[in-house]
Amino acid sequence: MKRIASHIRSVALAALATAAFGAAAHSADLRIALADDPDALDSMTNRAQTGITVLTAMCDRLMWTDSKLTLTPGLAKSWNWSADGLTLTMDLVEGAKFQDGTPFDAEAVKINIERYLGKGSQRADDISTIASVEAPSANKVIIKTKVPSAQLLSKLAERPGIIFSPAAIKSLGENLGRAPVCIGPYKFVERVAQDRIVLAKDTAYYDAAKYSFDKVIFRIIPDDAVRLANLQSGELDLMEKLDPSNAASLASDKKLQILPITVLNNQTLVLNFNFNGPMQNPKIREALEYSIDRQAIVDVAFAGQYQAGNQFAAPDSPFYNSKFPVPARDPAKAKALIAEAGIKGPVPFTILVPNRPLSVRVGEMIQAMGSDAGFAIKLDVVDFATTLKMTDEGKFESWGPIGPQFANDLDTVAFAVLHSTGGRNLTRYKSPEMDKLLEASRTATDPAKRMEIFKEAAALAVKDRPVLYLYHQKPLFVAKAGLKGFHTTGDGFPKLDGLTLN
């Protein structure tokens with residue numbers, strides 16, 4: 001009976017929410033369009049960026065970063081390292097409560113960090129240098145590390161810094177992502193798959209006065225044109241991922257504003273090293289690279305708004321290895337490499353492409369470029385959630401264009417993708433040399449030394465090609481002209497404090 005009653009309440013809530021969408025939105029609601037339906041709203045298992053967009057609206061992190069990647073306080077109001085770099089002590093905010101009313105304390109942080117380190121966690125490799133977590137008092141956490149950890153603070157300002165209610169973790173278990181409970185300005189109300197996620201203001205939140213909206217409604221609208229049309233018609237207040245080809249035409253629209261951000265990221269073509277196909281041959285991987293014109297992709301697919309690249313760091317980054325510049329397209333060289341590999345006729349090759357207009361556009365360009373460079377490329381276009389499942393199961397030859405999460409630190413886009421134990425190493429690439437370099441990058445507390453290590457890792461990635469780096473996004477949000485105070489975290493997710501709508 002309880003299950004039936006719960007179902008009836010859920011149906012009623014959904015009906016009320018649907019009716020609300022048919023009427024004019026309440027002025028105290030903020031309506032945001034997402035390009036994909038998120039996977040689990042649990043930062044332990046989450047992979048989709050849109051899920052962290054929702055969780056950033058809901059949940060405080062231990063630390064934050066600003067647009068310059070400067071660390072700022074969050075649930076940890078201060079922190080310091082021991083002289084040997086092996087002990088991190090954090091002092092926590094006092095008096096905060098989770099959205100279920102239970103108190104926030106050091107024990108809750110300990111439980112969450114140990115959960116992030118546990119079995120099935122996508123974050124375990126992010127914080128794998130942690131040896132132990134102690135909670136000596138209610139507002140003090142002590143983290144001991146196995147080695148000095150240059151990346152750890154930036155990780156605690158990303159997904160592993162989100163702290164969920166221990167009571168919710170215990171009661172929901174693996175289903176935590178269906179109804180997450182954390183500490184933050186907005187709490188979870190409901191989710192309707194492929195349609196919407198609704199949050200309501202938590203008036204008991206310790207910093208609630210900084211937040212203007214009673215509700216935050218995320219609409220799931222994968223089609224770029226439909227997302228923009230909804231914003232232009234007044235059905236939305238803010239949208240992510242503007243098709244860059246529309247930026248010029250919107251510049252003169254006084255009812256809207258384009259909000260560009262700069263964030264560490266890359267977009268790649270992931271090559272599955274466990275798939276029995278031609279990409280197992282390094283000469284074929286090299287030939288595929290020579291078939292691609294990265295700058296043409298940027299100019300045609302993204303109206304020149306993004307940056308072509310061939311490494312995990314962008315060409316204008318101090319971490320970019322300038323000894324290995326973006327290669328020019330050379331179909332003749334591609335064909336010669338295919339011949340050297342002993343393959344006759346066009347090389348068959350399938351790319352798993354998320355069903356997003358811009359992703360499909362890039363896939364079609366790579367397909368066309370490959371056709372006169374010795375490849376017969378097939379595109380398998382499916383919805384984004386299905387691509388996540390297929391890549392988890394290894395049921396793909398290649399996947400893209402796709403990228404790791406936006407990041408505060410290069411470790412997020414390098415270690416997780418290229419280290420043999422990396423949580424997002426979907427290539428199944430294993431290189432002892434790469435592992436050694438990436439592990440060294442974590443213990444190198446001297447910034448100059450760390451930069452040189454990353455450059456060595458970039459050179460090895462260029463040589464082995466487990467992924468082909470294509471370009472670096474410069475994401476564009478669009479909002480109503482009356483939206484004021486828009487800002488993002490250093491890793492590129494909108495923060496709602498101080499945001500107003502006139």
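**View 1. Helix α8 and its buried residues.** Ile 284, Arg 285, Ala 287, Leu 288, Glu 289, Tyr 290 and Ser 291 are the buried residues of helix α8, where buried means under 20% relative accessible area, exposed means over 50% and partly exposed lies in between, with a 1.4 Å probe and protein chains only. The model is predicted, and local features need a pLDDT of at least 70, while side-chain atom pairs count only at pLDDT 80 or more and totals for chains, interfaces and linings use all residues. Residues are numbered from 1 along each chain as its sequence is written, and side-chain values use heavy atoms, with hydrogens and water left out. Helix α8 spans residues 282-291 and is mostly covered, since 7 of its 10 residues are buried; helices (H or I, at least four residues) and strands (E, at least two) are DSSP runs, numbered from the N terminus. At the start of α8, a side-chain oxygen of Asn 281 comes to within 2.9 Å of the backbone nitrogen of Lys 283.

View 2. Glu 340 and Lys 283 form a salt bridge in which the closest N and O atoms are 3.1 Å apart, a salt bridge being a side-chain nitrogen of Lys or Arg within 4 Å of a carboxyl oxygen of Asp or Glu. This pair links distant parts of the chain, with Glu 340 in helix α10 (residues 331-340) and Lys 283 in helix α8, 57 residues apart. Glu 340 counts as exposed because its relative accessibility is 51%, whereas Lys 283, at 32%, counts as partly exposed.

**View 3. Other salt bridges in the chain.** Side chains of opposite charge can pair when their charged atoms come close. Asp 195 forms a salt bridge with Arg 196, with 2.4 Å between the closest N and O atoms, and Arg 196 counts as buried because its relative accessibility is 3%. In another pair, Lys 395 forms a salt bridge with Glu 393, where the closest N and O atoms are 3.3 Å apart. Lys 395 is exposed, with a relative accessible area of 53%, while Glu 393 counts as partly exposed at 40% relative accessibility. A network of salt bridges links Arg 123, Asp 126, Lys 155, Asp 411, Arg 424 and Arg 442, and a search of the whole structure finds 30 salt bridges.

View 4. Strand β8 is joined to strand β9 (residues 196-201) by 6 bridges, and the two run antiparallel. Lys 187 has Ala 200 as its bridge partner in β9.

**View 5. The whole chain as a setting for the close-ups.** The chain holds 15 helices and 23 strands, and buried residues make up 55% of its 502 residues. The C-alpha atoms fill a box of roughly 65 × 60 × 50 Å, taken along the principal axes. Of the contacts with a separation of 6 or more, 69% are between residues 24 or more positions apart, where contact means heavy atoms within 4.5 Å.

Definitions and conventions
A polar contact is a pair of N or O atoms within 3.5 Å; within protein, one must be able to donate a hydrogen and the other to accept it, and residues adjacent in sequence count only if both atoms are side-chain atoms. Two strands pair if DSSP finds at least two bridges between them.
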